[in-house]
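Here is a short report on one protein model. Look over the sequence and the 3D view, then read on.

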Amino acid sequence: MSHYRRPVSPNEWLYLAGERAMPPLAIQLVVEGEGDLQPETLTQAVRVASAACPGARLARHGRTWVDTGREPPVTFTGQWSDHLSTPLRRACEVVVTEGAVLFRVSHTVMDGRGVLAWVADVFRALRGEPPLGAASVLTDYGLVERLGAPGRRPRASVGWRSPLAGPAGLQQWARRTVDGHHPGLVAKLAVAVAGFTGAGRSRFMVPVDLRRHDPALRSTANLSLPLFLTAGPRDGWQTLHEQILRGLAERHEVTGGLAERVAYRMPLGLLSGFLRMTRSQFLCSAILSHLGRVDLAEFSGGGFRASTVFSLPTHAPLAPLSIVATAPPGRTELTVAHHGAPDRAEELLDAVEAALSPHRHWAGNDTRRDVPADTLTSLFARRVAADPDAVALIGPAGEVSYAELDRRADAVAHALHQRGVGRGAVVGLLADRTVEAVAGLFGVLKAGAAYLPLDPSHPDARIERLLSDAGAPLCLAGRRHAGRAGGDHLILEDLPTTGAPPAADLNTPGDLAYVIYTSGSTGQPKGVQVEHGSLVNYVTWATELYRVGTRTRFALFTSLAFDLTGTAILLPLLAGGSVALVSGEVTHESLPEMLDRSGANALKLTPAHLDLIVRLRLSPTGFTVLVVGGEQLRSTVAAAAQRVFGPECRIVNEYGPTEATIGCVTHVFDAGRDTGAAVPIGRPVANTAVHLLNADGRFVAPGETGEIHLAGRQLARGYRGRPDLDGERFRRLADGTRVYRTGDLARMSGGVLEYLGRADGQLQIRGHRIEPAEIETAIETHPGVDRAVVVARTGHAHADRLLCAYVLGAGTAGRDIRRHLSERLPAYMIPSAVVVVDDLPRTVNGKIDLDSLPDPFADRDAPTGPPRARDDLEEHLSKIWARILRVDHALIGPDSDFHALGGDSLSMLEMLAAVAAELPGAATGDALAVPVIRNPTLAAVSAAIRNATNVTTSPST
């Protein structure tokens with residue numbers, strides 16, 4: 001047994017009398033979460049923590065508290081709420097229920113901060129960490145005397161009544177969770193309560209933690225004294241907040257206490273009787289407490305992970321109403337202890353929530369719409385039955401009807417079932433844009449499985465890693481890619497096209513449809529799991545908004561692994577339309593052919609592709625809709641595209657991360673209205689909501705910047721095998737709404753959302769979401785690299801953002817790094833410029849100073865010496881480069897690199913188109929594109945042109 005002894009303080013004497021008048025006078029802290037706590041483990045943790053915080057083991061002897069040496073009892077039972085009104089057996093006790101731990105502490109021995117200190121030590125012990133302990137015997141008036149605070153006039157007389165109408169009775173509790181952390185919270189609570197009463201002024205008691213005067217003090221005892229403020233229904237919270245700040249600055253909380261000292265001289269029985277007689281006459285209208293921010297990691301351990309922490313207070317003898325707040329990450333927990341009608345308590349909390357979150361609701365989120373409980377396979381079966389002979393696919397292999405596509409898909413499903421692949425499995429799909437690929441996609445779905453689209457342009461190592469990470473037992477591969485996936489696979493072209501029995505529809509709306517991988521902030525890509533129900537919701541509204549019907553034909557020219565492909569395949573094929581399959585890579589030759597001769601009248605594309613069409617001066621006709629997504633759409637690009645495609649073609653800006661199923665916020669471009677720098681992303685679609693929250697988790701006002709949080713039916717199930725990422729990105733709002741935290745910033749302006757960029761380090765390049773950490777990790781696997789940093793820089797060519805890597809290490813060269821990355825990453829993740837540096841500059845707080853890193857494009861115009869004489873071809877080619885990349889052609893030498901000058905894949909297509917148009921006899925297509933892409937220097941490009949064409953050259957004079 002320890003030697004811990006201390007006198008009962010005047011406040012504690014008052015609480016002891018109150019406990020006799022109206023038990024239990026307890027602070028009851030609830031830690032909710034997940035995980036099982038073993039009785040023996042928790043009991044031992046309570047024993048260790050209570051030895052370090054002996055205030056948890058007290059018993060009273062007269063006017064002295066004495067440490068009994070006995071830890072608080074631990075009880076495992078049903079519902080923690082069943083214990084709130086039961087008398088305490090000891091000064092402290094612990095109740096464990098499913099999903100929560102309730103710590104019950106008599107207010108006679110601890111205040112709220114003291115309880116938090118003891119409970120945090122319990123969880124430290126559960127984690128195997130030494131407790132911090134709180135063994136000081138100092139209490140409130142002991143600290144006041146040590147501070148030498150002077151006395152002052154007595155406090156105002158009692159007489160304040162309850163703001164909640166209703167007869168006094170047993171104490172009741174109500175709870176509300178509000179999104180965000182709120183500055184001036186106590187003042188805002190006071191204003192809301194004063195306004196709720198509707199008349200007159202209200203008086204509030206605000207407990208102040210005296211530990212603020214001695215931050216090193218470790219005591220669980222009552223170390224809180226009150227600050228008083230008054231408020232009327234018309235007072236602003238700023239006025240009350242000034243009252244609080246002024247009172248704290250002048251130390252008002254330590255300059256009173258006359259009433260408590262008088263009460264301390266009264267016997268407990270007499271004081272208790274006095275409190276019973278004055279139960280309807282109180283010191284104040286309400287007591288408002290704020291326990292501050294709570295780190296949930298401090299209240300987790302022993303296999304238990306906390307999800308929230310809140311306190312159920314009581315000050316029954318002093319006030320009719322008590323509100324206490326805690327602030328776990330991203331939210332504020334409010335609990336009310338009161339005597340009165342429960343309905344009125346809920347009305348009060350409604351008023352409080354409305355005051356704290358005035359921008360919680362906006363008309364744009366009123367998107368509720370009934371959507372049938374269909375699946376992709378049931379919708380497809382309906383289209384096949386409606387018109388089996390209609391054209392579904394058209395491409396190099398000719399026309400394919402709905403009936404034939406359905407038979408091919410059944411054959412794939414049958415082959416998968418024979419391999420034991422069925423419902424719940426994930427199947428890889430490694431194929432080009434072919435009939436077999438589309439049949440494979442629907443065949444996987446018909447088998448009840450989910451497809452994992454893989455990009456054939458990605459390195460083999462990455463493809464194998466994604467298959468392994470997704471747990472795919474089998475991969476469907478096009479013959480051209482046979483063997484690249486490793487492991488078990490089926491060749492799509494070798495599967496029968498007829499003869500398989502019709503596949504039964506095994507899917508439900510909650511089953512997975514596909515898993516698509518995106519770049520990962522941890523250095524590893526992450527698989528987004530999207531369900532049938534989410535895709536059906538997307539298809540339902542998008543079909544209507546984009547006016548997709550039997551005459552609609554989307555051109556499919558992007559990789560199946562890019563989720564915008566879902567628009568080009570699913571919308572037409574589930575509406576009776578068709579898909580034009582574009583084979584091979586998009587080039588300056590295939591792009592015009594796709595636009596003019598494929599019969600397509602609808603496109604899903606990125607702003608970069610749209611800009612390229614404009615820059616190539618193409619003249620497509622007959623298009624009815626362009627769905628643009630993947631990155632910011634500039635108004636100048638949209639306006640130019642409108643002129644190119646004509647006034648009858650609707651341009652729709654579609655916003656949506658993969659985690660929210662392709663697209664979920666849209667805006668139809670209007671050249672006369674959308675004249676800002678960027679086209680708005682618009683308003684949420686059916687069954688979708690957009691919430692803009694600031695860094696503290698509060699809803700922002702119109703015109704203010706907030707991070708986009710998406711809610712609704714289109715949210716993905718989560719990440720494949722990554723519960724850590726699920727918890728970080730998929731969250732719950734205070735009302736339980738599941739949201740995806742996008743990392744994108746936006747503001748509300750004129751009733752529509754305007755996209756403002758990223759809140760984190762994620763980059764958007766050419767419609768791809770890129771996490772720099774994944775590229776940095778790949779670079780650092782190079783044996784000559786010590787450290788790498790990847791950022792986006794703006795090139796001169798059409799203000800495009802380009803990836804740039806800064807590498808610290810000896811014996812490395814930019815070209816070696818790019819070759820190294822080409823074996824590990826997709827092409828869109830390979831930096832345009834790699835700069836070897838001697839040091840990485842840092843800010844004063846030790847972070848990489850990105851602004852101080854050299855811009856590889858800033859000094860590209862500076863000559864490094866007179867270039868050698870260029871022949872006619874090189875001269876002409878340098879002028880083409882200069883025009884496209886906006887650099888001085890006189891400074892472009894033979895070793896100048898197209899990428900290092902600010903070029904990228906799309907501007908390279910523009911360059912190749914210019915070569916074909918301006919150099920008679922120049923070969924086009926892959927004969928020129930492939931060698932140019934591999935080595936894009938002026939000399940190498942010139943050599944490739946000579947080797948592949950009939951162009952002749954002579955030295956320039």
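## Two helices in contact

Helix 17 (residues 607-615) meets helix 18 (residues 635-645). On the helix 17 side the contact uses Pro607, Leu610, Asp611, Ile613 and Val614. Their counterparts in helix 18 are Val637, Ala640, Ala641, Val644 and Phe645. Contact means heavy atoms within 4.5 Å. These residues divide into 9 nonpolar, no polar and 1 charged. Nonpolar covers Ala, Val, Leu, Ile, Met, Phe, Trp, Tyr, Cys and Pro; charged covers Asp, Glu, Lys and Arg; the others, Gly among them, are polar.

Two packed helices are described by the angle and the distance between their axes. Here the axes come within 9 Å and cross at roughly 55°. Helix 17 and helix 18 are therefore oblique to each other. Under 35 degrees counts as roughly parallel, over 145 as roughly antiparallel, 65 to 115 as roughly perpendicular, and the rest as oblique. Axes are lines fitted to C-alpha atoms, for helices over the stretch in contact, and angles run from 0 to 180 degrees between N-to-C directions.

## About the model

This is a predicted model: local features need pLDDT of at least 70, side-chain atom pairs count only at pLDDT 80 or more, and totals for chains, interfaces and linings use all residues. Residues are numbered from 1 along each chain as its sequence is written, and side-chain values use heavy atoms, with hydrogens and water left out.

Helices (H or I, at least four residues) and strands (E, at least two) are DSSP runs, numbered from the N terminus.

Five strands form an open, mixed sheet in the order 5-6-7-2-12. Strand 5 (74-76) and strand 12 (305-312) stand at the edges, each with a single partner strand, so one side of each has no neighbour in the sheet. The twist averages 15° from one strand to the next. Strands pair if DSSP finds at least two bridges between them.

Strand 5 and strand 6 (residues 92-97) run parallel, joined by 3 bridges. Phe76 stands opposite Val96 in strand 6. Helix 2 (residues 39-52) lies across strand 5 and strand 6, at about 155° to strand 5. Helix 3 (residues 112-126) lies across strand 2 (26-34), strand 6 and strand 7 (100-106), at about 35° to strand 2.

## Buried places

How many residues of helix 15 (residues 565-573) are buried? The count is 9 of 9. Buried means under 20% relative accessible area, exposed over 50%, partly exposed in between (1.4 Å probe, protein chains only).

Ala390 sits in the loop between helix 10 (376-386) and strand 15 (391-395). Ala390 counts as buried because its relative accessibility is 15%.
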